[in-house]
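Welcome! Please take a look at the sequence and the 3D structure below, and then we will walk through a few parts of the fold together.

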Amino acid sequence: MRRSAWGTAIAALAVIALVGCAPSTASPQASASRTITPTPSPTPTPTVDPVRAAVARMSLAQQASSVIMGTVPGTDPAALRAFMTSGPEGSSLGGFILMGSNIAADAAQEKAVTDALRIDPALPPLIAIDQEGGYVSRLPWDTLPGGRRMQSVDPGQAQQVFAQRAAMIAATGANLNFGIVADVPVNPKSFIAPRALGADPASSSARVVAAVEGEKGVVLSTLKHFPGHGATAGDSHVSIPSTPMGLDEWRAGPAAPFAAGIGAGAEVLMFGHLAYTAVDAAPASLSARWHEIARNDLGFTGLMITDDIGMLTSSGVAAYRDPVADAVAALAAGNDMVLMIAGSDAGTAGRMAQAIVTAVQDGTLPAERLQDAAEHVMAQRMALRPAQ
């Protein structure tokens, strides 16, 4: 308001004040006519959570399919699209992991492969890749350092490497990297040592944070293999490696890089098929206790996914021989998504989704647990939607 307007307003208020001091000659009826009735405040519109609303609109079959990430070999678009719609009632799977046979000659050709996986362009699936660099690499054109070579670079360099790698991944159409090894190897000759980003909790934590920062806003970041493969001996591809390490010792060591990565904003946490027997005899991927620790102790709110369920079937443990049953058990334990690679065929993911539907229907798996898992998956998928 201009100064002249303020002056006019003040003058008007003065006149009103003078009139108010004079004896009233108005009739009671006139006074009543000047009574002002307060306008009621509008009722606030309830806030609608778009993620919960989207999952609430899904059928049981759609929810079950959305929590499965699988793979089939090859680059044929028709075969890939058929696989992505192999859930019960033709429902779409929530994710796909690119393996070696799914990789084309270059990024431009690979983009055609990943485009075939997008059944609904408005809601992209999670398209993952194991692109650690070095020892574990799916993209032949990625010559950047990875694993043990990263242990000699400072965190600033590590961030640049992961930023460049994230750009390579995004150029293929993939949107999720299973690429940040947060394990701290106790033994330099252990199975996981060549892939670790640090030889101790502090150096590993610094590079894990750098990796998350490098990938941020380009691809979704994954920390693996929770709660830490480095404290165990053996290879989880063919066994259930175990350690007697207790929770306090874990918190003082192996937990540090995971906590640091979570604090840096990593969106995905991958659970390993390894057992800390003093905490839970079951492998972490099937342990409700370890999922509680991740959520409640470390404050992780993102997507929790298993390592390849197919690895459990190769462990030699009879109880884990059926990958379909393992998928239901993994979901019940607290995972939001089940990853299936080894030993799968074009129908495995669909059978897993159907088993989840059956488990909800017969009460073996609470419907609320499936809904919660589907919401965590949906949150990440909706964050990947193209800008309108």
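Predicted model: local features only at pLDDT ≥ 70, side-chain atom pairs only at ≥ 80, totals over all residues.

**The nonpolar cores**
- The largest nonpolar core has 67 residues, and Met69, Phe178 and Ile356 have the most contacts inside it.
- Helix H14, which covers residues 348-361, gives this core its largest share, namely eight residues.
- There is also a second, separate core of 35 residues, and Leu269, Phe271, Ala294 and Phe300 are among them.
- Leaving aside residues up to four places away in sequence, Met69 touches a list of residues including Phe96, Leu126, Phe178, Ile305 and Met340.

**Helix H10 and what surrounds it**
- Helix H10 spans residues 255-264, and its buried residues are Ala255, Pro257, Phe258, Gly261, Ile262 and Ala264.
- Which elements do the buried residues of H10 pack against? They pack against helices H8 (201-215) and H9 (247-252), and against strands S5 (220-226) and S7 (268-271).
- Just after H10 comes Gly265, with a positive phi of about 105 degrees.

**A pair of helices: H5 and H6**
- Helix H5 (residues 77-84) packs with helix H6 (residues 107-116) at an angle of about 35 degrees, and their axes are 8 Å apart.
- From H5, the contact uses Pro77, Leu80 and Arg81, while H6 brings Val113, Asp115 and Ala116.
- Sorted by type, the residues of this contact are four nonpolar, two charged and no polar.

Notes
Residues numbered from 1 in each chain as written. Heavy atoms only, no water. Buried < 20%, exposed > 50% of the residue type's maximum accessible area, 1.4 Å probe, protein only. Helix = DSSP H or I, 4+ residues; strand = E, 2+ residues; numbered from the N terminus. Contact = heavy atoms within 4.5 Å. Core = buried A, V, L, I, M, F, W, Y, C linked by side-chain atoms within 4.5 Å. Axes fitted to C-alpha atoms, helices over the stretch in contact; angles between N-to-C directions. Nonpolar A, V, L, I, M, F, W, Y, C, P; charged D, E, K, R; others polar.
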